Amino acid sequence: MSVTAPKGFRAAGVAAGIKASNALDVALVVNDGPDTTAAAVFTGNRIKAAPVLWSQQVLRAGIVRAVVLNSGGANACTGPAGFQDTHATAEHTAAVLSGRASRFPVGAGDVAVCSTGLIGERLPMAKLLSGVDAAARGLSRDGGAAAAKAIMTTDTVSKTAVHSGQGFTVGGMAKGAGMLAPGLATMLVVVTTDAVADASTLDGALRAATRQSFDRVDSDGCMSTNDTVLLMASGASGIEPTPEELTAAVTAVCRDLALQLVADAEGATKEIAIEVTGAASEDDAVEVGRSIARNNLVKTAFFGNDPNWGRILAAIGTTAAAFEPDEVDVAINGVWICKGGAAGEDRAKVDLADRSVTVSVDLHAGEAEATVWTNDLSMGYVHENSAYSS
């Protein structure tokens, strides 16, 4: 049930004709309360799409009563007119919900907006607003699956997750298959919970969750202009978990969704977990993992089923992390083919037949650790992205 698994939420996904394929392309998620608290994190890209700029303003109040999302157009780099389109979308959504589909009045400032698709083109507003009307009519407790499908672009499957806490539930949906290397968010993600929590508690839980999940996904080193992770709480369960309990549940959902994003990365044939241990700090561990994840020579080696540990060691050496070069160990799928910065076990022992791959790096410089998730670089990725706008 995705975002509608927690009590107090309805959703819908409709085909508004924004996509030429006539696939689902407009989603609406509504919080029926009794609470409407919210928090969000956004892309670290300095070039931010109009929906991001709008939603950042909305989230200042810590309240979101609804979020409208569209695929088929990013509304990024569209200037003041594009921002006005986002504003008009929020105003229209608020009016529709206040008129027929909400249990309380909704203002434009209560509506977050998310868009995804090709950068640089205006949205077909007549189709989008008509889609909002249809989505509002179709809102239901069973609408989570359709909403998750409506936000897909190059995704091959929709992505949803649910986690049950002690008397409360967290649900989520995500989209993303490329441009997966953001700061604190990955593409479009909506997470819902029926827990009782104020905006500050939600913000702390979400930032802790994204730091351990979406911020550790580094598929292709490319950061989007539209990335948004939104967390909404309805309070409908009547249960107020501790901040630690809420953070654990939100993290479980975010981590599940993040791994689904990696699994569906464009053209990928390998899902790679880079586990860095023995680091002097967590930041060092993340820096080393991210350097390996973004190294095209490493990524193409995995596409060719080549356990080339020299490329991994070279990637580690480009970082500012604390370590001694002649103390670094590297394993692939449990075979320690590099010991003390030199050849270890026979690389022929490494089995790369499966899609799942684990790279283990021990820096022998401390006690900190972190995992970064990535994928290989394939001909399929190059082909899909070379023809994306055409």
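User: At what angle do α7 and α9 cross?
Analyst: The axes of helix α7 (residues 282-293) and helix α9 (residues 309-316) cross at roughly 130° and come within 8 Å. Axes are lines fitted to C-alpha atoms over the stretch in contact, with angles from 0 to 180 degrees between N-to-C directions. Helices are DSSP runs (H or I, at least four residues), numbered from the N terminus. The model is predicted: local features need pLDDT of at least 70, side-chain atom pairs count only at pLDDT 80 or more, and totals for chains, interfaces and linings use all residues. Residues are numbered from 1 along each chain as its sequence is written, and side-chain values use heavy atoms, leaving out hydrogens and water.

User: Which residues of α7 and α9 make the contact?
Analyst: Val288, Ser291 and Ile292 of α7 meet Ile312, Ala315 and Ile316 of α9, where contact means heavy atoms within 4.5 Å. By class, five are nonpolar, one is polar and none is charged (Ala, Val, Leu, Ile, Met, Phe, Trp, Tyr, Cys and Pro count as nonpolar, Asp, Glu, Lys and Arg as charged, the others, Gly among them, as polar).

User: Switching topic, how do α5 and α6 cross?
Analyst: Helix α5 (residues 199-212) and helix α6 (residues 243-263) have axes that come within 8 Å and cross at roughly 40°.

User: And who touches whom there?
Analyst: On α5, the contact residues include Leu202, Ala205 and Ala209; on α6, they include Leu246, Val250 and Cys254.

User: What classes are they?
Analyst: The α5 contact with α6 has nine nonpolar, four polar and no charged residues.

Key
Helix = DSSP H or I, 4+ residues; strand = E, 2+ residues; numbered from the N terminus.
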